[in-house]
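Here is a walk through one structure, from a pocket to its aromatic rings. Keep the model in view as you read.

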Amino acid sequence: MNVVIVGAGIAGLATALSLEAAGIRDLRIFERAPEIRGLGVGINLLPHAVRELTELGVADRIAELGVAPSRLAYYNRHGQPIWSEPRGLDAGYRWPQLSVHRGRLQLALLDLVRERLGDVVVTGHRLVGVAEGEGSVTATFETATGPVDATGDLVVGADGIHSALRAIRYPDEGAPPWSGLTLWRGTAVIPGYLDGRTMIMAGDGEQKFVAYPLGEPDDAGRQRVNFIAERRGEGSPDADWNRAVDPGPIVELFRDWTFDWLDVPAAIAAADEILEYPMVDRDALPRWTFGRTTLVGDAAHAMYPNGSNGGSQAILDARTLAFHLATAPTIAEALDAYEADRRPATAALLDMTRRTGPERVMQLAHERAPEGFADIHDVIPEAELAEIAAAYKRAAGFHPDVLNSRASMSVDRAGAGS
């Protein structure tokens with residue numbers, strides 16, 4: 001089987017590694033950018049994704065890049081605790097949660113692809129067309145020296161929220177819809193907060209601050225954290241992604257967010273660089289597969305970061321696709337099975353993120369007690385808080401009872417299909 005992968009981000013590289021592990025080594029990855037620089041800030045890989053990375057034999061390499069948070073805690077905009085739960089191994093999973101720098105993760109996956117598959121990644125190729133042939137499909141790329149064709153048995157669109165393959169299949173879709181929220185992402189070295197291993201979310205649907213460690217505390221108790229500052233009604237849907245902005249106005253938006261346990265404006269002011277992003281997603285699609293082409297990752301189901309699940313879902317797509325390609329009698333049957341497994345699940349998750357996902361506890365606290373509370377359980381019963389958290393885990397496929405008992409998606413390499 002010969003596979004053409006469009007995009008060398010996390011989804012595309014994870015797809016290549018998954019195919020290789022399943023015995024499908026005849027593949028090429030075509031990346032639009034002229035070079036792969038490992039851009040971005042932090043990303044969380046949840047236990048269901050870390051399980052797949054473990055079974056691919058790459059989790060140890062990834063774990064070296066960041067830290068494993070042991071707790072997730074939600075607060076209101078006054079710094080009062082709403083809900084807290086253990087994460088990763090501390091929550092009873094057989095696999096940890098990992099917080100890493102997105103760019104470092106991408107470059108690590110790129111190194112692994114080159115180690116296992118050789119020089120299969122080509123840069124400076126922008127997809128402009130696909131054409132089905134008799135038993136094959138051809139992708140046409142625009143390059144600096146003219147058009148280039150790549151013919152294979154399958155084309156996989158792993159080219160992100162602005163996917164060219166998705167646009168070819170859905171030419172009238174238009175730009176991703178904007179939520180009205182703008183995100184400012186950055187990393188900073190700040191005094192350690194709480195226990196040094198907790199991911200925190202503070203605020204509500206109008207304004208929010210998220211932070212989690214990316215490294216261990218130094219001798220002075222300072223550590224590098226990734227943060228996301230979020231505000232409704234600021235910025236624009238046309239913002240240039242990865243555009244660096246002045247931290248001053250953002251600091252002012254959070255001027256009053258000085259908690260006993262974390263100085264939010266000081267953390268924003270300490271950032272090495274702040275990048276601005278419009279908070280956008282994509283509507284769920286009625287189908288991902290057309291003939292011998294399909295979609296994975298954000299190209300298929302870009303969603304809001306509520307729940308920290310985008311990168312993890314891309315890895316699940318990659319593993320599921322490789323499993324079915326290796327075990328189904330035909331490519332068509334494999335793609336049908338892949339889509340049946342993944343499209344309804346991600347559509348439900350996308351809908352849940354639009355309703356704020358597990359962060360709904362923050363919105364409920366704001367709606368019921370905007371000026372704060374003495375005890376959160378006077379505002380939201382503990383059972384209601386617990387069910388919100390559990391429902392999201394079930395929808396996202398990483399409830400510990402389900403994940404720990406689910407069958408592996410690893411296959412016998414000798415059983416790879418064609």
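Helices here are DSSP runs of H or I with at least four residues, numbered from the N terminus. The model is predicted.

Begin with the second largest pocket. It holds about 250 Å³ of space. Its lining has 15 residues, and those closest to the centre are Leu-316, Arg-342, Ala-396, Gly-397 and Arg-406. Three helices each supply at least two lining residues: α9 (310-327), α10 (331-354) and α12 (382-396). Of the helices, α10 gives the most, with 5 residues.

Now turn to the aromatic rings. The model has 11 aromatic pairs. One of them is Phe-209 with Phe-227, a stacked pair at 5.7 Å centre to centre and 20° between the planes. This pair links distant parts of the chain: Phe-209 lies in strand β14 (residues 207-213) and Phe-227 in strand β15 (residues 222-232), 18 residues apart. Phe-209 counts as buried because its relative accessible area is 1%, under the 20% cut-off. Phe-227 is buried too, at 0% relative accessibility.

Phe-209 also pairs with Phe-254. Phe-254 sits in the loop between α6 (247-253) and α7 (264-269), 45 residues from Phe-209. Phe-254 is buried, as is Phe-209. Together with Tyr-75, Trp-257, Phe-259 and Trp-261, the residues Phe-209, Phe-227 and Phe-254 form one aromatic cluster.

The charged end of Arg-185 sits over the ring of Tyr-277, 5.5 Å from its centre. Arg-287 places its charged end over the ring of Phe-290, 4.0 Å from the ring's centre.

Terms used
Residues numbered from 1 in each chain as written. Predicted model: local features only at pLDDT ≥ 70, side-chain atom pairs only at ≥ 80, totals over all residues. Heavy atoms only, no water. 1 Å grid on protein atoms, 1.4 Å probe; cavity = no way out; pocket = protein on both sides within 12 Å on 5 of 7 lines; lining within 4 Å. Points joined across faces, edges and corners; volume = space filled by probe spheres on them. Phe/Tyr/Trp six-rings, centres within 6.5 Å; stacked < 30°, edge-to-face > 60°. Buried < 20%, exposed > 50% of the residue type's maximum accessible area, 1.4 Å probe, protein only. Lys NZ or Arg CZ within 6 Å of the ring centre and 35° of its normal.
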